[in-house]
Amino acid sequence: MLKIHHLGHSQSERVVWLCEELGVPYELEKYTRDSVTRLSPPELKALHPLGAAPLVEVDGMLLAESAAIVEFILARYGHGRLQHAPDHADFASYLYWFHFANGNLQPVMLRTMTVGRCGLAPDHPVQTSSLDRLEKVLALVETRLAHNDYLAGSEFTAADIMSVFSLTTMRLFHPLDLTPYPNILAYLQRIGARPAYQRAMAKGDPDLTPMLT
């Protein structure tokens with residue numbers, strides 16, 4: 001059975017959610033962040049040199065990196081679900097938005113959070129360029145969702161599973177007002193209505209009310 005090492009309030013919620021969507025049986029090992037540093041506990045660091053989460057164990061193998069794990073689970077257990085085949089009209093869009101999550105959306109959130117904690121003046125070039133990049137990224141997502149119910153098109157896919165963390169739980173660490181982005185907010189309501197998402201969040205982070213508004 002697949003074992004998920006899940007750090008609370010982290011990107012590993014993606015893996016729990018994916019398994020719930022696919023109906024993949026799994027064992028959940030939960031870890032709590034240090035109350036002061038907000039970093040991984042020693043028990044998780046003992047499993048991986050980077051103290052990374054998520055981690056999954058299956059058939060004696062330990063795999064890290066949420067995108068790699070999502071692709072692994074889709075390949076082994078997905079049977080074509082939650083992804084588009086190369087002959088699908090939205091295949092390129094699926095690939096783009098799947099990789100957009102960790103290639104643009106999450107990095108720009110982290111960069112803005114880090115820069116914002118440096119005490120720079122509001123008009124400092126580093127501060128303004130960081131915020132400008134975040135606004136451009138969010139505007140791109142907003143425009144995409146103005147014309148599509150989901151990021152890869154009309155169908156819910158793993159591209160959505162990859163992206164939602166940055167728009168929700170990540171805001172615990174980097175507060176972000178999404179009021180200027182009504183299409184993103186409507187999208188998050190669609191996500192929040194999914195039974196598999198509700199189950200995943202209740203199992204993995206029962207202390208957290210999903211940040212869907």
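The expected span of a helix is 1.5 Å times one less than its number of residues. Helices here are DSSP runs of H or I with at least four residues, and strands are runs of E with at least two, numbered from the N terminus. Helix α5 has 23 residues and reaches 34 Å from its first C-alpha to its last, close to the 33 Å expected at 1.5 Å a residue.

The model is a predicted one, in which local features need pLDDT of at least 70 and side-chain atom pairs count only at pLDDT 80 or more, while totals for chains, interfaces and linings use all residues. Residues are numbered from 1 along each chain as its sequence is written, and side-chain values use heavy atoms, with hydrogens and water left out.

A residue is called buried under 20% relative accessible area, exposed over 50% and partly exposed in between, with a 1.4 Å probe and protein chains only. The buried residues of α5 are Gln 127, Ser 130, Leu 134, Val 137, Leu 138, Val 141, Glu 142, Arg 144 and Leu 145. Among the elements that cover these buried residues are α4 (91-116), α6 (158-167) and α7; contact means heavy atoms within 4.5 Å.

Ser 129 also lies in helix α5, and its relative accessibility of 43% makes it partly exposed. Its side chain reaches the backbone oxygen of Val 126 at 3.1 Å. This is a polar contact, defined as a pair of N or O atoms within 3.5 Å; within protein, one must be able to donate a hydrogen and the other to accept it, and residues adjacent in sequence count only if both atoms are side-chain atoms. Ser 129 and Thr 112 are separated by 17 residues in sequence and by 9.3 Å in space, C-alpha to C-alpha.

Asp 132 is partly exposed at 34% relative accessibility, and Lys 136 is exposed at 52%.

The structure holds six salt bridges. One of them joins the side chains of Arg 199 and Glu 20, at 2.7 Å from N to O. Arg 199 lies in helix α8 (residues 195-204) and Glu 20 in helix α1 (residues 13-22), so the pair ties together parts that are 179 residues apart in sequence. Arg 199 is partly exposed, at 38% relative accessibility, whereas Glu 20 is buried, at 10%. These two residues and Lys 203 are linked in a network of salt bridges.

Arg 194 forms a salt bridge with Glu 21, with the closest N and O atoms 2.8 Å apart. Arg 194 lies in the loop between α7 (182-192) and α8, and Glu 21 in helix α1, so this pair ties together parts that are 173 residues apart in sequence. Glu 21 counts as buried, at 19% relative accessibility.

The side chains of Asp 205 and His 6 are joined by a polar contact of 3.2 Å. Leaving aside neighbours within four places in sequence, Asp 205 is in contact with His 6, Gly 8, His 9, Glu 13 and Ala 200.

Aromatic rings come last. Rings of Phe, Tyr and Trp (its six-membered ring) pair if their centres lie within 6.5 Å; planes under 30 degrees apart count as stacked, over 60 as edge-to-face and the rest as tilted. The count by this rule comes to eight aromatic pairs. The rings of Tyr 96 and Phe 100 have centres 5.7 Å apart and planes at 40°, so this pair is tilted. Both residues lie in helix α4, four residues apart, about one turn of the helix. Tyr 96 is partly exposed, at 41% relative accessible area, and Phe 100 is buried, at 3%. The ring centres of Tyr 150 and Phe 156 are 5.8 Å apart with planes at 85°, so that pair is edge-to-face. Both Tyr 150 and Phe 156 are buried. Together with Trp 17, Tyr 187 and Tyr 197, they form one aromatic cluster.

How values were computed
A salt bridge is a side-chain nitrogen of Lys or Arg within 4 Å of a carboxyl oxygen of Asp or Glu.
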